[in-house]
Amino acid sequence: MQEFDAIRPYSDDETGPAIQRLLNDQEFLDMVGRFKSPALARWAPSLLRFFTRRWLASHFGHVTEVDELQAGLSGYIGELITGTTTRVTTSGVQDLSKDGAYLFISNHRDIVFDPMVVNYLLFQNGLRTTRIAIGDNLLANPVFAEMMRLNKSFIVRRNMTSPREMRDAYILLSGFINHSIANNENIWIAQREGRAKDGLDFTDPAIIKMFYMSCKKSGLSFAEAMNKLRIVPVSISYEYDPCDGDKARELEAKARAGSYKKAEGEDTEQIMKGLTGFKGHVHVHFGAPIVDAPENAKELAALIDHEVHANYHLHASNLVAYEKRGLHSPGIMDAEKIRESVVTAGNWSEDDMQVARLEMEKRLEACDPDIRPYLLDMYANPVQTALNANTSENTPD
């Protein structure tokens with residue numbers, strides 16, 4: 001693993017020392033303290049820091065292995081998930097084998113919660129948790145970087161300008177992913193760089209091409225190399241997105257000004273909001289492993305997209321947004337056709353729909369008028385892609 005030192009997560013040998021560094025880091029203790037007791041963090045930060053360190057040391061100070069840390073965290077992650085959702089459901093996981101490893105390619109809604117809920121469900125079903133791909137933009141904060149590498153995260157470099165530097169970085173990343181799968185380590189990676197803030201989940205073929213870059217000299221064809229990775233498309237759907245207003249503001253700013261510059265600490269703020277904010281019902285679908293991959297990246301990306309869209313669990317919030325958008329957008333399916341195509345499959349009652357309408361109105365009213373169409377789109381777009389994927393003419397050959 002030495003060749004991957006620049007990007008890999010911490011090993012067992014590094015786990016204990018990393019935990020001890022965090023236990024002596026004031027910023028980390030304050031972060032955990034604010035999470036557990038916001039009121040005490042304001043009025044008695046030093047006292048809270050003392051008790052936080054003592055609590056963490058008693059629960060994790062003895063941990064020296066990655067798997068031991070994952071097992072120790074599972075109960076607290078379960079509490080966090082339970083406290084911020086009405087329920088979490090899953091499908092397809094029962095068909096995955098405990099033998100070998102998978103490359104989970106997922107749509108991306110939330111920076112940390114997406115891979116966290118995937119790993120939680122894998123762990124609950126007796127499968128190994130994943131090594132998580134994260135952008136190096138999330139490592140600006142040294143404390144967060146330490147936490148991520150402890151949590152089996154590996155680094156994807158971004159914003160490179162030199163073609164040679166980009167090629168070398170992608171070959172290294174490709175080698176790490178293929179090495180991990182060959183050594184029975186599951187991988188989670190988003191289907192494209194960054195979150196799909198507009199609710200349109202499409203795989204970037206460049207990511208698929210990257211998987212093959214380290215295999216070209218092996219003699220394997222593209223399809224053979226992809227089959228060895230055992231790619232599993234994953235669909236994650238949230239009834240409500242805690243960061244929907246922030247995403248809508250960013251989309252509006254990009255549409256109006258052509259670009260959007262994040263404020264300092266914005267990623268960290270959205271990580272905390274995504275973790276602690278209300279999400280309603282969350283569903284995760286694990287697709288069937290792709291064992292007969294096509295011979296090029298574009299076709300494989302389209303196959304992954306079809307699986308993500310066709311198995312995306314639509315919520316009443318999605319339908320309500322689609323209905324509202326349809327009132328103002330010619331050509332979009334009318335409400336009655338939506339009900340026939342989507343509501344029956346979702347088994348929603350009129351009470352469910354009314355609750356969702358009230359909640360959506362509240363979220364729209366909290367936004368400036370210019371931002372509201374973007375918020376509506378992020379909930380409505382998954383309905384359109386799901387409907388497209390479930391019609392025969394849009395099914396890949």
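At 13% relative accessibility, Arg325 counts as buried; the class of buried residues covers values under 20% relative accessible area, exposed means over 50%, and partly exposed lies in between (1.4 Å probe, protein chains only). The structure is a predicted model, in which local features need pLDDT of at least 70 and side-chain atom pairs count only at pLDDT 80 or more, whereas totals for chains, interfaces and linings use all residues. Residues are numbered from 1 along each chain as its sequence is written, and side-chain values use heavy atoms, with hydrogens and water left out.

The side chain of Arg325 meets that of Asp377 in a salt bridge with an N to O distance of 3.2 Å; a salt bridge is defined as a side-chain nitrogen of Lys or Arg within 4 Å of a carboxyl oxygen of Asp or Glu. Since Asp377 belongs to helix H17 (residues 372-389) and Arg325 to helix H14 (residues 316-326), the pair ties together parts that are 52 residues apart in sequence. Helices (H or I, at least four residues) and strands (E, at least two) are DSSP runs, numbered from the N terminus. Asp377 is partly exposed, with a relative accessible area of 26%. Elsewhere, salt bridges that share partners join Asp67, Arg128, Arg131, Lys152 and Glu185 into one network.

Asp67 and Arg128 form a salt bridge of 3.3 Å, N to O. This pair links distant parts of the chain, with Asp67 in helix H5 (residues 66-84) and Arg128 in the loop between helix H6 (113-124) and strand S3 (130-135), 61 residues apart. Asp67 has a relative accessible area of 40% and is partly exposed; Arg128 falls in the partly exposed class with 35%. Lys152 and Glu185 also meet through their side chains in a salt bridge, here at 4.0 Å, N to O. Lys152 lies in the loop between helix H7 (142-150) and S4, and Glu185 in the loop between helix H8 (163-182) and S5, so that distant parts of the chain, 33 residues apart, are linked. Both Lys152 and Glu185 are buried. In total, the structure holds 27 salt bridges.

Helix H14, which carries Arg325, is mostly covered, as 9 of its 11 residues are buried. Besides Arg325, the buried residues of H14 include Ser317, Asn318, Tyr322 and Glu323. Ser317 is also one of the contacts of Glu239, which touches, beyond its neighbours within four places in sequence, Thr86, Lys279, Gly280, His281, His315, Ser317 and Tyr379; contact means heavy atoms within 4.5 Å. Glu239 is located in the loop between S6 and helix H11 (244-257) and, at 18% relative accessibility, counts as buried. Its C-alpha atom is separated by 30 Å from that of Arg158, which is 81 residues away along the chain.

The strands include an open sheet of 7 strands with mixed pairing, in the order S1-S7-S6-S2-S5-S3-S4. Strand S1 (85-91) and strand S4 (153-156) stand at the edges with a single partner strand each, so one side of each is left without a neighbour in the sheet. From one strand to the next, the twist averages 25°. Two strands pair if DSSP finds at least two bridges between them. Strand S2 (residues 103-106) pairs with strand S6 (residues 231-238) in the parallel sense over 4 bridges, and 4 bridges likewise join S2 to S5, which run parallel. Phe104 has a bridge partner on either strand: Trp188 in S5 and Val232 in S6.

In a regular strand the side chains alternate between the two faces of the sheet. In S2, Leu103 and Ile105 point one way and Phe104 and Ser106 the other way, and all are buried. Leu103 stands opposite Ile231 in S6. Helix H9 packs on the sheet, where it touches S2 and strand S5 (186-190), and its direction makes about 150° with that of S5. Axes are lines fitted to C-alpha atoms, for helices over the stretch in contact, and angles run from 0 to 180 degrees between N-to-C directions.

Helix H9 (residues 205-213) also packs against helix H13 (residues 297-310), at an angle of about 120° and with the axes 8 Å apart. The contact involves Pro205, Ile208 and Lys209 of H9 and Ala297, Lys298, Leu300, Ala301 and Ile304 of H13. By class, this contact has 6 nonpolar, no polar and 2 charged residues; Ala, Val, Leu, Ile, Met, Phe, Trp, Tyr, Cys and Pro count as nonpolar, Asp, Glu, Lys and Arg as charged, and the others, Gly among them, as polar.
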